[in-house]
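User: Could you walk me through this model? I would like to go topic by topic, with the cut-offs spelled out as we go.

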Amino acid sequence: MTQTAMSMSTDAQKQIADALNQCVAETAVTTMMAQNFHWNVTGMAFGPLHELFQKIYEDHFVAQDDLAERVKALDAHAEGTLAGMLKRSKVSEREGHASAEEMIKTLMEAQETLAATLAGAGELAAENGDTLTEDLCIARGQEHEKFAWFLRAHLR
């Protein structure tokens with residue numbers, strides 16, 4: 001049965017909000033990673049990579065807000081500290097001192113991690129009848145898989 005945020009049990013709201021906070025954390029860390037790489041990329045592919053990294057961090061900045069607002073719709077606390085996000089995230093920070101190829105590979109892996117985390121959060125939402133969160137997770141997961149594909153294409 002489909003449910004709205006406030007019609008779900010408190011336990012379901014908490015579980016889904018925790019999963020979404022994981023998504024927010026990984027999105028925030030990946031946002032900063034993409035911006036860091038945008039600032040520091042060099043080499044023959046500077047132009048297209050500089051542009052792609054910017055497209056990624058701009059997309060992710062908006063996504064953080066969308067995900068955090070859904071946490072709030074579930075009547076939960078949205079993680080808002082960098083320390084908390086770094087602690088929670090499966091995506092790690094990365095120095096900007098890296099080759100363009102290392103940046104691409106690292107950011108591609110982060111996109112794949114994000115897509116998997118969002119898929120898991122979407123499954124949890126579906127199990128609890130939360131189609132609105134499930135839809136958000138599906139849409140975001142598709143974006144991250146697309147970015148992973150864009151990045152992977154640079155490595156072939």
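User: To start, where is the place of D75?

Analyst: D75 sits in the loop between α2 and α3, where helices (H or I, at least four residues) and strands (E, at least two) are DSSP runs numbered from the N terminus. Before going on, please note that this is a predicted model, in which local features need pLDDT of at least 70 and side-chain atom pairs count only at pLDDT 80 or more, while totals for chains, interfaces and linings use all residues. Residues are numbered from 1 along each chain as its sequence is written, and side-chain values use heavy atoms, with hydrogens and water left out.

User: Is D75 buried or exposed?

Analyst: D75 is exposed, with a relative accessible area of 59%; here buried means under 20% relative accessible area, exposed over 50%, and partly exposed in between, with a 1.4 Å probe and protein chains only.

User: And what is the phi of D75?

Analyst: The phi of D75 is positive, at about 65°, although D75 is not a glycine. Most residues other than glycine have a negative phi. D75 follows helix α2, and after α4 there is likewise a residue with a positive phi, G129, near 75°.

User: What about A78, where is that one?

Analyst: A78 is also placed in the loop between α2 and α3, the latter being residues 82-88, but A78 is buried, with a relative accessible area of 18%. Leaving aside neighbours within four places in sequence, A78 is in contact (heavy atoms within 4.5 Å) with N21, A68, V71 and K72.

User: Switching to helices, how many residues has α2, and what does it reach?

Analyst: Helix α2, residues 46-73, has 28 residues and reaches 41 Å from its first C-alpha to its last, close to the 40 Å expected at 1.5 Å a residue, the expected span being 1.5 Å times one less than the number of residues. Helix α4 also has 28 residues and reaches 41 Å, close to its expected 40 Å, and α1, with 31 residues, reaches 45 Å, close to the 45 Å expected.

User: How many residues of α1 are buried?

Analyst: In α1, 22 of the 31 residues are buried, so this helix is largely enclosed by the rest of the structure.

User: At what angle do α1 and α4 pack?

Analyst: Helix α1 (residues 10-40) and helix α4 (residues 100-127) pack at about 165°, with their axes 10 Å apart; axes are lines fitted to C-alpha atoms, for helices over the stretch in contact, and angles run from 0 to 180 degrees between N-to-C directions. The two are therefore roughly antiparallel to each other, a term used for angles over 145 degrees. Their crossing is left-handed, which means that the near helix is turned anticlockwise from the far one by less than a right angle.

User: How do α2 and α5 pack, then?

Analyst: Helices α2 and α5 (residues 131-154) pack at an angle of about 165°, with their axes 12 Å apart, and are therefore roughly antiparallel to each other. This crossing is left-handed, and among the residues that meet are L49, L52 and F53 in α2 and L132, T133 and L136 in α5.

User: Which residues does G141 touch?

Analyst: G141, which lies in helix α5, touches A115 and L118, not counting residues up to four places away in sequence. G141 is buried at 10% relative accessible area, and the C-alpha atoms of G141 and A116 are 7.4 Å apart, at a separation of 25 residues in sequence.

User: Last topic: how many disulfides does the structure hold?

Analyst: The structure holds zero disulfides, a disulfide being a pair of cysteine sulfur atoms within 2.5 Å.

Technical notes
Parallel < 35°, antiparallel > 145°, perpendicular 65-115°, else oblique.
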